[in-house]
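Biologist: I'm new to this one. Can you walk me through it?

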Amino acid sequence: MRLLCASNGLRSRQRPLVSAIRCQQRGYTAAVIGAGITGLTAAWQLAQDPQCSKITLYEKSSRLGGWLQSETIPVDGGEVVFEYGPRTLRSAMPASLPLLYLVSNLGLFDELITTSRRSPAALNRYIYYPDHLVRLPSPDPSLSFIQNVQNMAKALMDEPLFEGLVPAILFEGTKPSRPPDLWDKDESIAQFITRRFNHKVADNLVSAVMHGIYAGDIDQMSAQMILGGIRNLEDGGVLYNLVMNSLLGKKTRSMDDFLAVNAITKTPESVNRTEDIFRVIKKASTFTFKRGTQQLVEGLIDSLRASKKVNMVLNSNITSMDPPDNPGHPIKVNFHTRLAVTTSEHLADPLQIYTGTNGVQSHDHVISAVSAPALSNILDPKARFKISEVRDPERGRLAYDLQVQSRSKPVTETLKRLQLHCGATTVMVVNLYYQNPNLLPVEGFGYLIPRSVPYEQNPECGLGVIFASASSVGESPVAPYPTVSQDSAPGTKITIMFGGHYWDGWKKEDYPDHKTAVRMARSMLKRHIGITDAPTVVRTRLQENAIPQYKPGHLNSMYQLSHAAKNDYYGRLVLAGNSFNGVGVGDCVRQGILAATYGVGRHALRAGPGLWCPWKEFDFRNWDLRGGITTAPVRLFESKA
Ligand SMILES: C=Cc1c2[nH]c(c1C)Cc1[nH]c(c(CCC(=O)O)c1C)Cc1[nH]c(c(C)c1CCC(=O)O)Cc1[nH]c(c(C)c1C=C)C2
């Protein structure tokens, strides 16, 4: 096995862990800042550690769960579940294992709905271009091999969406690859795809996919971070290497997935479920919950309550969290809570709510699970920086010059480095329910809208439309695997998403309000797929700065930030969450687990038998995973398994 790409920083050195050893002897306390999915998972994992005596979970709002939010709405003939954030979770091996173990640990396995790899929602994915839906080529199991090949060839020849794709595929292998001295130079996704294929592939296909994941602009997104595994194959041709690897059964794996599987607590319930978990991964393309993804949040909250070790400080505003004076000292967190009146149904009986004004607590470890801008605001709300791009003349690598414009205290390196992680897109989510069950022109997942669609076809800045009824129905994961659905009402549920990078730089007052958003959604559906019916239920949610954007240079700035946090806070501050390594629910769960185990110095790696300890092939005894950012997207290795 070969470690494909590990920057020195993320391999980092060993250091004396005097304070960690002391903590291990007497037990330790921890704080988690932010009660989104990363923070809740981290708090849950800490609560499983008998050595962890107390966990304080700080949340600035009165609601837990971040942007995982579902609502069950009564309608004529039953109920429908609307999602305002993530809705379906990807089932992939081994990336979804930590999440599925967590689900089982929480006793929620029976609550899953799995969407089979052979279902229309998994097979039929569409892109709208330039004025109609185009199905992305994938074998249709109801047709013969010859019919599938004919259909695919026809689509590639006839559809403007695929213009330039065939020559791009044929000649990709002949394009020069990056010279070795520029191996670690980052570029945008658009630059990489244009360099290897052509700009039509970037604009028509790749921009659509990136709308569906990041709501982002491929000119502003890091190829190294987001397409790292693929980009590493460019020597000799990306496609050639992909085909060869597939024929030879070689896979590129992320060590983090294995680290998380190794670290996550497995209750007897989840161990009993192992076979079922692997069955879900094999058969399903995605999964969700009967009452929406919020069920995961509720399961975590119930478990935290039952642990009796967790204090939840809601409505909290952390006013300072300065580095300790020396390595032996804990981190002091000063906070202020408004009168903790909660409206959330989950908080009717919180473990402990501080209703006072100011408080100070010391913690042996702090896990920050908030976004980079939110953490920056905690460290110094008055700090303002001017960031300018500079080119490293020798290596052409992107670098940034940071100048402090204002501050209220001495600026730490951590605070400076956080500034480079501050971009995020805002998405308007519109959920519509129609009584008519036969409204859609095609069966499938929905459609994405690439940036190349002419303005007249997309004046609303739409990113994509989800035929949400299709992904709300599936199989129970438990034998005899009956069909289950989120919705008992028979109509059609559609979600429309707008904005994203198209709204970069907009002010609050520029965003559409509820009425305007519904009007925009309806006019888009009419133009694109001819829907003129009036919906019976409409719900909108503006998700502000919800999806972090990994801009070129992200990996390098993550490495710098990780080291700064390790040094400034003597390994006691751990950073996790979607600002760093992955915006999906599975990514956040993995980061929460890694932070609450290796990140706080509580889980030692051992060279056990079998496939599940890939680190034993590397110098894992020298990996210092404590403090800073525990996750490392460059810890990739090649495996035959
Ligand atoms: C609510 C808006 C979101 C958009 N992207 C994400 C969210 C939560 C995050 C996201 N979406 C997908 C992924 C990759 C797979 C994963 O790790 O879960 C991530 C990280 C893929 C995806 N995009 C859409 C759906 C329904 C899915 C998941 C399931 C699948 O691939 O089958 C739809 C969608 N999401 C966004 C837009 C604009 C959009 C449009 C149709 C933004």
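This is a predicted model: local features need pLDDT of at least 70, side-chain atom pairs count only at pLDDT 80 or more; totals for chains, interfaces and linings use all residues.

Biologist: Which polar side-chain atom lies 2.6 Å from a ligand oxygen?

Modeller: That atom belongs to Arg125. Arg90 also takes part: an N or O atom in its side chain is 3.0 Å from an oxygen atom of the ligand.

Biologist: How many residues surround the ligand?

Modeller: There are 21. Thr88, Arg90, Arg125, Gly212 and Ile213 are the closest.

Biologist: What kinds of residues make up that shell?

Modeller: The shell has 11 nonpolar residues, 7 polar ones and 3 charged ones.

Biologist: Which element gives the most to the shell?

Modeller: Strand β21 does, with 4 residues. Its range is 462-467. Helix α9, 199-214, supplies at least two residues as well.

Biologist: New topic. How many salt bridges are there in the whole structure?

Modeller: A search finds 30. Take Asp110 and Arg273 as one example, with their closest N and O atoms 2.6 Å apart. The two are 163 residues apart in the chain.

Biologist: Where do Asp110 and Arg273 lie?

Modeller: Both are in loops. Asp110 is in the loop between α4 (97-105) and β7 (112-116). Arg273 is in the loop between α14 (268-272) and α15 (274-283).

Biologist: Is Arg273 buried or exposed?

Modeller: Arg273 is buried, because its relative accessible area is 14% and the cut-off for buried is under 20%.

Biologist: What does Arg195 pair with in a salt bridge?

Modeller: Glu234, at 2.8 Å from N to O. Arg195 is in helix α8, residues 189-196, and Glu234 is in the loop between α11 (228-231) and α12 (238-248), so the bridge ties together parts 39 residues apart in sequence.

Biologist: And is Glu234 buried or exposed?

Modeller: Glu234 is buried, with a relative accessible area of 0%. Arg195 is partly exposed, at 27%.

Biologist: Which residues are linked with Arg195 and Glu234 in a network of salt bridges?

Modeller: Glu172, Arg178, Glu187, Arg196 and Arg231 join them in that network.

Biologist: What about Asp257? Which residue does it bridge to?

Modeller: Arg590, with the closest N and O atoms 3.1 Å apart. This pair links helix α13, residues 255-263, to helix α21, residues 585-599. The two residues are 333 positions apart in the chain.

Biologist: Are those two buried or exposed?

Modeller: Asp257 is buried, at 5% relative accessible area. Arg590 is buried too, at 7%.

Biologist: Stay on α21. How many of its 15 residues are buried?

Modeller: In α21, 13 of the 15 are buried, so the helix is mostly covered.

Biologist: Which residue with a positive phi follows α21?

Modeller: Gly601, with phi near 70°.

Biologist: Back inside, then. What does the side chain of Gln295 contact?

Modeller: The side chain of Glu111, in a polar contact of 2.8 Å. Gln295 lies in helix α16, residues 294-307. Gln295 is buried, at 4% relative accessible area.

Biologist: Last one. Where is Val313?

Modeller: Val313 is in strand β12, residues 310-313. Val313 is buried, at 0% relative accessibility.

Biologist: How far apart are Val313 and Ser270 in space?

Modeller: They are 30 Å apart, C-alpha to C-alpha. In sequence, Val313 and Ser270 are 43 residues apart.

Methods
Residues are numbered from 1 along each chain as its sequence is written. Side-chain values use heavy atoms; hydrogens and water are left out. A residue is near a molecule or strand if one of its heavy atoms lies within 4 Å of it. A polar contact is a pair of N or O atoms within 3.5 Å; within protein, one must be able to donate a hydrogen and the other to accept it, and residues adjacent in sequence count only if both atoms are side-chain atoms. Ala, Val, Leu, Ile, Met, Phe, Trp, Tyr, Cys and Pro count as nonpolar, Asp, Glu, Lys and Arg as charged, and the others, Gly among them, as polar. A salt bridge is a side-chain nitrogen of Lys or Arg within 4 Å of a carboxyl oxygen of Asp or Glu. Buried means under 20% relative accessible area, exposed over 50%, partly exposed in between (1.4 Å probe, protein chains only).
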